[in-house]
Amino acid sequence: MRQRALVARPGVWLVWAVMIFFLVNLAGVVAAVVVNSFSTRWFGSWWPAGLTGHHYADAWKEFALFDVLKVTLQVSLAVVVISALIGVPAAYALARRDFPGKRLVTLAFLLPIMVPPIAYGIPLATVLYKFHLGGTMWGVILANLVPSVPFVVLTMTPFIEQIDSKIEAAARMCGANTRAIFTTVLLPLLVPGVLAASILVLVRTVGMFELTFLTAGPSSQTLVVTLYYSMSAAGIRAPQAVDAMAVIYTLSMLVLLVIALRFVNPTQLVTRVGEQRERAE
Amino acid sequence: MTSALAEATPERLALRHRLAERGIDRVLLLLLPGVAFVVALFLYPFLYGLGLSFQPKQGGGPFANYQRFFAEPYLRDTIWITLRLGLPAALINVLASVPIAYRMRGPVRGKRLITTILVVPITLGTVLTAEGIIQYFGPAGWFNKVLRALHLTDGAVPLIQNYWGVLFSLIISGFPFAFLLTTSYLSGIDPSLEKAASVLGAGWWQRFRHITFPLLSPGLAMTFCLTFVLAFSVFPSAILVGDPSRTTHVISIAAVHASNEQYDYSMGSTIAMIMAVVMLIVIAIVLTWRGRMYRGATGGKG
């Protein structure tokens, strides 16, 4: 009780006031889009003239959202599976072995996260077009893998470090071969970590604008990029339909985030990543 | 080679053994796909871009693109415009998340709810944020309506299609990350250190200033860098909410414009390289500052 009394100062109220001001405005920003997506006509007044749901149907048809969502899903799932297949073994090697040049390898995995996506996205897109991969679904998948593989490596390394290596040694003593150790000992222990990293990669990939924007062609756009084009080409379509699509995007991201939060404690995972980054400098 | 290794097979085994002692064995093969991937899809394109930036499309010496970038005010100023957006945004996000995270450390009622609400903006995405800012902060939006109803202003305060709209959007998208990182760094500091200081009679400010802040500052530097990376590569919001041809003509717009609209991949790569260099300079400055601070155990799990 004494502790609470000690810290309850005007500063505390200021913190709460600033936070509430931020949250109220944030709610306003979100509500403005949601209300507009349901409005018949809204111009200059406090509340739209009438409410309707037909913009969602329009958006679904006009923007071919089914195809866009299909592409988004295909790209994200491919990125998740491939980045886990490449990243988890690498994380295992980094976690279990100390070898000359380890810092260099860690730095190589760190750079794609520290350099802004546009800065490496433009040369990457040029290279992908040179190999005739630009504008295709595989180009988008490869581009999105660039930050995802290092992300899996950097989140999984601390996770594997905390699995006691004596367990593997014990299994080997009991006569298990490498394959048996992997399938019956390591894999079950790795599943929670892999699941957590995969869901975060999924959220990142669905939300990744820059790299997809730079590498996608007309038939390989994900939802974010379609949204961007529909908004930057404003005037052609009803803004309400764009808003409806934005709401659909946010709802799907929200579902993903809620699922992610069920499996991961975000602060803990971030700590691990952060520490890893610090150590790697 | 010693005489004990004279036979053929033991020598091979010994080499493998010696390598294994230095940590090199077959497990490292697992690293190969990952390293090959980073080399092929990150390092190679990056170096390719670097090479391309020295082969200007319009001819001239190898540095012609760089000379053009720094000679044309319209291009040169993008660095300054981007820094003017990115630095305050990163600073505000970090500085705002410290007191909130500090408050959320102890047993606060509704902690989980507040954390969730603060993290939810991650799901909004640039376009919904942009649309929302335009409608909410626009001249006929709710924000300006409330200001006028309270007689705080006469006309509409211009908050969109300029610097402020982009800054808001950067704060909305960057704050959740800064908050999550700061919270996790704070949770890594042993609370008994502060309790000890409290027992010795330190007030909250003294405890924060001399105990928590020095322990937190490495984490804050890292948080600042990561938030700055996000803010520095601002692209969609600068176009959608900003004034992309003048006051928010940020460096990524210039880069995409050169490569995607003028099809001058050489110039696009040049601007991308300049972007990476500016980014690394800022990170280096922050980390140098951080290196002069206290480095040591934080006492907790971190």
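Across all its chains, this predicted model holds 28 aromatic pairs, where two rings of Phe, Tyr or Trp (its six-membered ring) pair if their centres lie within 6.5 Å. Take B:Phe137 and B:Phe168: their ring centres are 4.6 Å apart and their planes sit at 10°, so this pair is stacked (planes under 30 degrees apart are stacked, over 60 edge-to-face, and the rest tilted). Helices here are DSSP runs of H or I with at least four residues, numbered from the N terminus. B:Phe137 counts as buried because its relative accessibility is 4%, while B:Phe168, at 26%, counts as partly exposed (buried is under 20% relative accessible area, exposed over 50%, partly exposed in between, with a 1.4 Å probe and protein chains only).

Now for B:Phe228 and B:Phe232: with centres 5.3 Å apart and planes at 35°, this pair is tilted. Both lie in helix α10 (residues 204–232) of chain B, four residues apart, or about one turn of the helix, and both are buried.

Elsewhere, A:Phe209, A:Phe213, A:Tyr228, A:Tyr229 and B:Phe235 make up one aromatic cluster. There's a charge to look at too: A:Arg204 has its charged end over the ring of A:Phe151, 4.7 Å from the centre (NZ of Lys or CZ of Arg must be within 6 Å of the ring centre and within 35 degrees of the ring normal).

Residues are numbered from 1 along each chain as its sequence is written, and chains are lettered from A and ligands numbered from 1 in the order written. Local features need pLDDT of at least 70, side-chain atom pairs count only at pLDDT 80 or more, totals for chains, interfaces and linings use all residues, and side-chain values use heavy atoms, leaving out hydrogens and water.

Note on methods. Helix = DSSP H or I, 4+ residues; strand = E, 2+ residues; numbered from the N terminus.
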